[in-house]
Amino acid sequence: MYQDVILDHYKNPHGRGLRDGDAEVHHVNPTCGDEITLRVRLAGEKIEDVSYEGQGCSISQASASVLNELLVGKELAEAQRIQETFLELMQSKGRIEPDDAMEEVLEDAVAFAGVSKYPARVKCALLSWMAWKDATAKALSEGKTA
Amino acid sequence: MTILLPGLLDTDAIRKDFPILDRTVHGGKKLVYLDNAATSQKPRQVLDVLNEHYEQHNANVHRGVHVLAEEATALYEGARDKIAAFINAPSRDEVIFTKNASESLNLVANMLGWADEPYRVDHDTEIVITEMEHHSNIVPWQLLSQRTGAKLKWFGLTDDGRLDLSNIDEIITEKTKVVSFVLVSNILGTLNPVEAIVRRAQQVGALVVVDASQAAPHMPLDVQALQADFVAFTGHKMCGPDGIGVLWGRQELLEDLPPFLGGGEMIETVSMHSSTYAPAPHKFEAGTPPIAQAVGLGAAVDYLTSIGMERIARHEHAITEYAIQRLQEIPDLRIIGPVTAEDRGAAISFTLGDIHPHDVGQVLDEQGIAVRVGHHCARPVCLRYGIPATTRASFYLYSTPAEVDALVEGLEHVRNFFG
């Protein structure tokens with residue numbers, strides 16, 4: 001479960017800290033108390049920044065770091081595809097062995113494949129990704145009404 | 001090396017009664033089960049009784065005139081006798097079977113919610129709990145408070161994990177109708193000073209409810225000595241099956257207070273317009289009860305009594321003292337709760353530097369060591385001490401000093417892994 005990639009992201013997180021954003025969400029995992037505050041800043045269809053602050057286990061913190069590394073700079077459509085692929089992997093209960101195509105999409109995030117075998121930890125890995133999805137939807141809807 | 005501590009039980013013999021303790025996990029690692037505050041393991045003596053019940057005596061209770069119905073009824077009511085004796089209840093009719101301690105506490109809250117004077121809880125009255133309660137002794141009282149308008153108050157905690165009773169006269173007042181508190185905390189391990197709280201509650205005429213879930217399995221429990229009005233506990237933490245809990249209540253209160261759940265078994269007569277109720281305890285046991293589970297709990301009580309609750313308490317005291325001493329050797333380990341074995345149960349919560357308890361628990365599990373991580377259904381305690389969660393090791397009559405050593409070694413491995 002604890003791949004070196006995960007431990008590296010845990011010890012040296014990418015993009016941690018809150019910066020300006022178009023929308024902010026706060027998500028918690030009530031079973032273990034993991035928490036994240038996450039902001040998204042968009043420029044049209046492009047993700048300019050995903051900033052976050054949180055507390056939690058290595059899995060949840062490393063996952064937020066990987067998310068930042070993967071999604072910042074991407075177009076929304078592509079980011080959504082990455083998020084859906086990660087979700088599919090995490091819900092696979094260890095049955096998906098990531099192939100080259102998946103690795104190309106998920107990059108460092110394939111390291112979480114092993115976590116999907118531990119039902120209690122899947123939520124930790126998904127916490128920041130669900131927060132990002134939520135914050136992006138909020139940024140888009142607020143952008144339209146503004 | 002075998003470590004000998006004064007007061008230890010013969011765990012080699014006791015562990016033979018618990019088949020699950022022989023299990024290995026994660027490819028041959030010996031199981032070190034340190035999650036006893038969540039649930040205890042079950043001895044063969046209990047498992048055999050459960051099996052025999054279903055194989056030989058299974059029937060519904062208190063109805064039917066056939067042999068099996070009479071046997072099942074005698075076994076179910078026999079379990080009530082055993083539990084009454086185990087807690088030194090003045091009468092067997094004061095022992096109500098529920099499904100767990102949560103249901104027991106909810107039952108009391110709802111008896112009071114529907115009661116007439118002098119027990120009625122309303123907007124002019126107050127309910128008192130403490131900051132170290134399990135959620136099961138917080139939420140039922142929050143619900144009662146929201147539904148009746150009664151004010152909910154609580155005792156805070158000191159930095160060393162004890163109840164802060166310095167303002168007891170302001171917390172428990174003439175308006176207080178009920179004081180409900182935990183005897184031994186499931187997260188801090190603290191054993192609370194019952195006498196001081198009961199004395200003040202009696203002064204103002206408030207009822208006293210004691211959550212003994214973490215006490216009944218580990219020490220002699222005497223409801224008369226406690227001088228409480230209600231005592232709740234659960235079976236699965238004391239070598240019994242899950243699905244069975246107990247509420248003990250003083251006879252005159254059980255006579256006066258209204259039933260909560262209605263249905264079969266709790267009635268005297270029923271017409272389409274109204275009903276009259278059976279006397280306690282049946283008044284509070286609507287529907288088919290957990291029969292085999294009650295019988296299993298009776299067997300658990302027999303088992304614990306055969307070893308002796310005083311001896312179990314001494315064993316756990318020795319293990320706890322040893323564990324506190326060994327855990328404090330680990331750099332960056334902070335015990336959340338009393339750092340002495342005095343007035344303390346055998347659940348020890350701690351944090352380990354910045355390493356999240358989830359990671360601690362996972363890496364311990366990889367070594368075969370089962371602990372609990374999280375907020376232990378006592379989130380206000382985590383907020384009080386400014387921590388998101390803890391790792392908790394909790395011991396029982398079959399726990400050994402070698403298992404404490406395994407935990408300490410396991411934690412060293414965790415530190416190196418994340419260091």
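This is a predicted model: local features need pLDDT of at least 70, side-chain atom pairs count only at pLDDT 80 or more; totals for chains, interfaces and linings use all residues.
## Chain A overall

Chain A contains five helices and three strands. Their order along the sequence is α-β-β-β-α-α-α-α. Its C-alpha trace spans about 45 × 35 × 25 Å along the principal axes.

The radius of gyration of chain A is 14 Å. A compact globule of 146 residues would come near 15 Å, so the value for chain A agrees with that expectation. Buried residues account for 39% of the 146 residues in chain A. Sequence separation is also worth a look. Of the contacts in chain A between residues at least 6 apart in sequence, 64% join residues at least 24 apart.

## Helix α2 of chain A

Helix α2 of chain A covers residues 58–71. It has 14 residues, and at 1.5 Å a residue these should span 20 Å. The end C-alpha atoms are 20 Å apart, which agrees. The helix is mostly covered, with 13 of its 14 residues buried. Just after α2(A) comes A:Gly73, which takes a positive phi of about 95 degrees.

A:Ile59 lies in this helix. Is A:Ile59 buried or exposed? A:Ile59 has 28 other C-beta atoms within 10 Å, and 20 or more are needed to count as buried, so A:Ile59 is buried. Leaving out residues up to four places away in sequence, A:Ile59 touches A:Ile6, A:Val115, A:Arg121, A:Cys124 and A:Ala125. A:Thr31 is 28 residues from A:Ile59 along the chain. The C-alpha atoms of A:Ile59 and A:Thr31 are separated by 15 Å.

## The two domains of chain B

Chain B is divided into domain 1 (11–30 + 309–418) and domain 2 (47–306). Taken over C-alpha atoms, the centres of domain 1 and domain 2 of chain B are separated by 29 Å. The contact takes 23 residues from domain 1 of chain B and 22 residues from domain 2 of chain B.

Which elements supply at least two residues each to the side of domain 1 of chain B that touches domain 2 of chain B? They are α11 (309–327), β14, α13 (379–384) and β17 of chain B. Of these, α11(B) gives the most to that side, with five residues. By class, this side of domain 1 of chain B has twelve nonpolar, five polar and six charged residues.

## Strand β17 of chain B

Strand β17 of chain B covers residues 390–394. Five of its five residues are buried. In a regular strand the side chains alternate between the two faces of the sheet. Both faces of β17(B) are covered. B:Thr390, B:Arg392 and B:Ser394 lie on one side, B:Thr391 and B:Ala393 on the other, and all are buried.

Strand β14 (residues 347–352) of chain B pairs with β17(B) in the antiparallel sense, over four bridges. Here B:Ser349 stands opposite B:Arg392. Strand β16 (residues 372–374) of chain B also runs antiparallel to β17(B), and three bridges join them. B:Gly374 stands opposite B:Thr390 in β17(B).

## Strand β5 of chain B

Strand β5 of chain B covers residues 126–130. Why is β5(B) largely enclosed by the rest of the structure? Five of its five residues are buried, so the rest of the structure largely encloses it. B:Glu126, B:Val128 and B:Thr130 point one way from β5(B), while B:Ile127 and B:Ile129 point the other way, and all are buried.

The partner of β5(B) described here is strand β6 (residues 151–155) of chain B. The two strands run parallel and are joined by five bridges. B:Ile127 stands opposite B:Leu152 in β6(B).

## Where the chains meet

Technical notes:
Residues are numbered from 1 along each chain as its sequence is written. Chains are lettered from A and ligands numbered from 1 in the order in which they are written. The radius of gyration is taken over C-alpha atoms; the globule rule is 2.2 Å times the number of residues to the power 0.38. A residue is buried if 20 or more other C-beta atoms lie within 10 Å of its own, exposed if 12 or fewer, and partly exposed in between; C-beta atoms are placed from the backbone. Two residues are in contact if their C-beta atoms, placed from the backbone, lie within 7 Å. The expected span of a helix is 1.5 Å times one less than its number of residues. Two strands pair if DSSP finds at least two bridges between them. Domain bounds come from an automatic or database domain assignment. Ala, Val, Leu, Ile, Met, Phe, Trp, Tyr, Cys and Pro count as nonpolar, Asp, Glu, Lys and Arg as charged, and the others, Gly among them, as polar.
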